[in-house]
Amino acid sequence: MGALEKEFFNSAFVSYFLASCFNIGHLIWLKEKLGRWAIALTVIGFVVNTLALTSRTLQAGRIPFANMYEFGMAFVWGLIFFYLYIAYRYKNYSLGAFVLPVAFVLTGIFSSFYQEVRPLMPALKSNWLLIHVITAVIAYGALAISFALAIMYLWRQRMEEAGEQGAVTSLLPSLAILDTLVNRCIHFAVPFLTLLIVTGAVWAEYAWGSYWRWDPKETWSLITWLIYAMYLHGRVALGWRGKKAMNWAVIGFITVLFTFIGVNVLLPGLHSYAL
Amino acid sequence: MNEQDVIVQQTTYRKRFFQVLHIVTSMKVAMALLMLLAGAAMIGTVISPQRYDIYHSIGFRLLLTLICGSTFICSMKQLAALCLSNKWRHLAPWGTFAVHTAIVLIVLGALYGNVYGFSEEINLPVGKDYEINQEKYRGIGEPFTLHLENFETQYYADGTVSDWISHIRIEHSGQNGFTQEVKVNHPLIYQGVSIYQSSFGMAIQTQYLDAAGKVLQEASLSEGRGMVLEGDMMILPVRYVGGLTPQIMYIVYKGGREYDWGAAPLGSSRFIGPQMGMVKFIEAQPFSGLLIKRDPGIPLVWFGFLLLAFGFFASLYKKQFWRVIKKDR
């Protein structure tokens, strides 16, 4: 069962890699066929990702949210789910050229944290685990999408400024739409990001006897939240649009990644069992 | 200066005051404060708290106070704008107001808890009592006693730890006590005092004696926690080994370097090097490390959390997420 799950996860890794290549190829050569292959590979990757999660759940006899590897699988799954949903609703799969490379790189990073299935350690035996991790998947998933959209915006803008007409301008949504979508994604994510911190704090009160200890994980989650708080204020009160807003969206997601992965690797604290 | 001039002077002062207030409470200043807070928090995660605890420094607290003040003024402005305009029927501006109010409430709750609460870690050996009373902790009503009946570690089938459990009996004068299991994620809450399972180990009663057997020093140590002696020496019990004759493995340090080591059965003394005294481990008892805590700010903080979550959903989910997508299609 363990070997099978690893195979599923590796297949997802390969599928996401190939899907990234086909997606980017589609943007460069504008071949309709490449685009279709990219979608098919993404769906295959999503299916094997689902199978990997399912087999892990069956094997562990619990929801696979206990360490970096398990959460990573769930996060990438959520990210691809968001992408497929948006792409389907929007009938524009060009976002894939930006989301799939992110999914591929993250899958690679998370597979390096691979661990055999182990029962839950005492600190994680709580009902808060489920809600805490689900809010993380939703918030981080939506923010990953906002990051990919912001990169699309910056790329397209660069092309337009250079006066280049081509694949990018014909396939990518307009700058105005991208700007709005980035904003929508962040608006969608921030309440969940808040819930993520709040559920973590309440849980910490029951598990460690303090809802806030300035543990590196807590502190970095606050920093991430502050960055998005600044984005929201800049947008509403200071009229940030376009490049400036996009840059904040990019910085925001980089802090998300640091909070999520960097802290566990570089700044071990109370939360370090998640590694 | 005649009366006219005084009035003019006063109005200019007032004007200036409002000008300054306007600048101080402007969005740009608020943004700068948020940026400073994020920056200071970042620096704090890099510096080790043993060297410098940035989060409890005066500067950091001042920054938090300023942000709290700015947020409060901002929320008051929002409230005024809400009441003066016809927007009060909409949910979104109330959401924004709720978020700002919630932040102030959370900070106030944390402050209140810090000032009127307490938090202390104790090592309670099995079979021993610990009294919680007003002399030790503020805000305690009737005193009561914790009695550790037993401490156990439970394992899964594969040998990993499933739970650390303290069986604690609460004894309250004039009343029948009750026993409860305290484990990680399941604190015991009694009369507003929470008791958490925090750590565990062996309490090792240790004596340092001279060659004639006279006790020079005595302390209750645990595995990895040593006793400092005169002459830059230290005795460190490394490990308790159970069995028919329980023994303590120990290391003696001199000037920060390993000097001697050995194993001593409980109750018998051992010389630690030439022309030195003796070490004797009297008894070893398992203990449970408990965190005893009272935080009267919690209800306010929890309410703030609820308000914060509600406020965000109300203010940011005002429009359908997909409307823009549909429109574009």
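Modeller: Two strands pair if DSSP finds at least two bridges between them. Strands (E, at least two residues) and helices (H or I, at least four) are DSSP runs, numbered from the N terminus. The structure is a predicted model, in which local features need pLDDT of at least 70 and side-chain atom pairs count only at pLDDT 80 or more, while totals for chains, interfaces and linings use all residues. Residues are numbered from 1 along each chain as its sequence is written, and chains are lettered from A and ligands numbered from 1 in the order in which they are written.

Colleague: Which strands pair with β14(B), and how do you know?

Modeller: β1(B) (residues 118-125) is joined to β14(B) by eight bridges, β7(B) by 15 and β13(B) (residues 269-271) by three. Each count meets the requirement of at least two bridges, so each is a pair. β1(B) runs antiparallel to β14(B), as do β7(B) and β13(B). Pro125(B) is bridged to Phe287(B), Phe200(B) stands opposite Ser288(B), and Ser269(B) stands opposite Lys280(B). In the hairpin of β13(B) and β14(B), with six residues between the strands, Gly273(B) has a positive phi near 90 degrees.

Colleague: How do you know what touches chain A on the side of chain B?

Modeller: Two residues are in contact if their C-beta atoms, placed from the backbone, lie within 7 Å. The contact takes 41 residues from chain B and 39 from chain A. Elements giving two or more residues on the chain B side include β7 (193-209), β14 (278-294) and α5 (298-316). The most come from α2(B), with 11 residues.

Colleague: How many residues on that side of chain B are nonpolar, polar or charged?

Modeller: There are 28 nonpolar, seven polar and six charged residues. Ala, Val, Leu, Ile, Met, Phe, Trp, Tyr, Cys and Pro count as nonpolar, Asp, Glu, Lys and Arg as charged, and the others, Gly among them, as polar.

Colleague: Why does the radius of gyration of chain A agree with a compact globule?

Modeller: The radius is taken over C-alpha atoms, and the globule rule is 2.2 Å times the number of residues to the power 0.38. For 275 residues that gives a value near 19 Å, and chain A has 19 Å, so the two agree. The C-alpha trace of chain A spans about 60 × 50 × 30 Å along its principal axes. Chain A has nine helices and zero strands.

Colleague: What share of chain A is buried?

Modeller: A residue is buried if 20 or more other C-beta atoms, placed from the backbone, lie within 10 Å of its own, exposed if 12 or fewer, and partly exposed in between. By that count 52% of the 275 residues in chain A are buried.

Colleague: Where are the domains of chain B?

Modeller: Domain 1 covers 3-117 + 298-328 and domain 2 covers 202-284, with bounds from an automatic or database domain assignment. Their centres, taken over C-alpha atoms, are 56 Å apart.
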